[in-house]
Amino acid sequence: MLADIDTWVLDLDNTLYPADSALAAQLTHGILSTIAAYYRTDLAGARQIQADLVAGYGTSLRGAMLTGTIDPHDFLGFERRLDYSVIEPAPDLAAVLTALPGRRYVYTNGSAYHAEQALSRLGLAECIDGVFDILAGELVPKPYAESLDAFLGRFGIEPARAAMFDDLEVNLALPHERGMTTVWVNGEVPSERLAERRWRAADLLGFLRANI
C-alpha cells in the first residue's frame, strides 16, 4: 500500500504524541491564557475568541496577527513555560520511524521550539530530517495552500511519493488533492481505507506497523 512512498510528513501535536497527553492540556491552557491576557477577558471569553479566530483564520495566532497587533513571538512565549517532562519517551515509534525508507519531516502549526522540545522528550529527534513550523510558513498555517506550497518547496517534496499524517482531517484535504497519500490519525478503530490513497487510523504507530 505504501511501497511507493519515500517521504513521510508527520504532524506533531496529537499525532506523534496522543491527544490525551498532559502536554496537550498544557498547550490548550497556554493558548487560552495568552488570548485572555491579550484581549483582556477571562478564560470563558478566551475560548469564544479562540473559536472565532480559528474559524476565520486557521489558527489563533494568525487571527490575532491579522485582527490585532500582537507580536508572534510574544504570542508563542507560553511554550517556554510548558513542562515537556510529561511526555513519555516513545522507543517503539522511534524504531518504526527510523526503519521507514526515505525522508521524514514534521509539518506543524506550532513553533520549531515546541517541536524540538517535544521530539527530544519523545526520543524522536534523530528520526526527523527537518521541521517546518508556523514561522517558516510566514504565519500561514495548514490547511492553506500557501503553507503547503512553502513546505513542499522547502524540502523539494514530490506529492505523489509522500504520505502525510495529521489528526485534523481538514489539514489533509489539499495534500490529498495534490496527490499525497493521507492518513487521518483520529483515535478511532479499526483503521480503514476511506478512498484511494486516503486512510483513517487509530494511531500512528499501529498504522505504520500494520502497513509498512
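**View 1. The second largest pocket holds about 360 Å³ of space.** The model shown here is predicted. This pocket has 23 lining residues, and those nearest its centre are Thr15, Leu16, Tyr17, Pro18 and Asp203. The elements that give two or more residues to the lining of the second largest pocket are α5 (91-99) and α9 (204-211). Sorted by class, its lining consists of 14 nonpolar, 5 polar and 4 charged residues.

**View 2. The largest pocket has a volume of about 770 Å³.** Its lining is made up of 30 residues; Asp13, Ile31, Thr59, Asn109 and Leu168 lie nearest the centre. Two or more lining residues come from each of the elements α1 (22-39), α2 (43-57) and α3 (60-67). Of the elements, α1 gives the most to this lining, with 4 residues. The lining of the largest pocket has 13 nonpolar residues, along with 11 polar and 6 charged ones.

**View 3. Strand β5 (residues 181-185) is mostly covered, with 5 of its 5 residues buried.** On one side of β5 are Thr181, Val183 and Val185, and on the other are Thr182 and Trp184. Residues on both of these faces are buried.

**View 4. Strand β5 pairs with β4 and with β7.** Strand β4 (residues 162-166) runs parallel to β5, and 4 bridges link the two. Strand β7 (residues 198-201) is also parallel to β5 and is joined to it by 4 bridges. Val183 in β5 stands opposite Phe165. In β7, Val183 has Trp199 as its bridge partner.

Methods: Residues numbered from 1 in each chain as written. Predicted model: local features only at pLDDT ≥ 70, side-chain atom pairs only at ≥ 80, totals over all residues. Heavy atoms only, no water. Buried < 20%, exposed > 50% of the residue type's maximum accessible area, 1.4 Å probe, protein only. Pairing = 2+ DSSP bridges. 1 Å grid on protein atoms, 1.4 Å probe; cavity = no way out; pocket = protein on both sides within 12 Å on 5 of 7 lines; lining within 4 Å. Points joined across faces, edges and corners; volume = space filled by probe spheres on them. Nonpolar A, V, L, I, M, F, W, Y, C, P; charged D, E, K, R; others polar.
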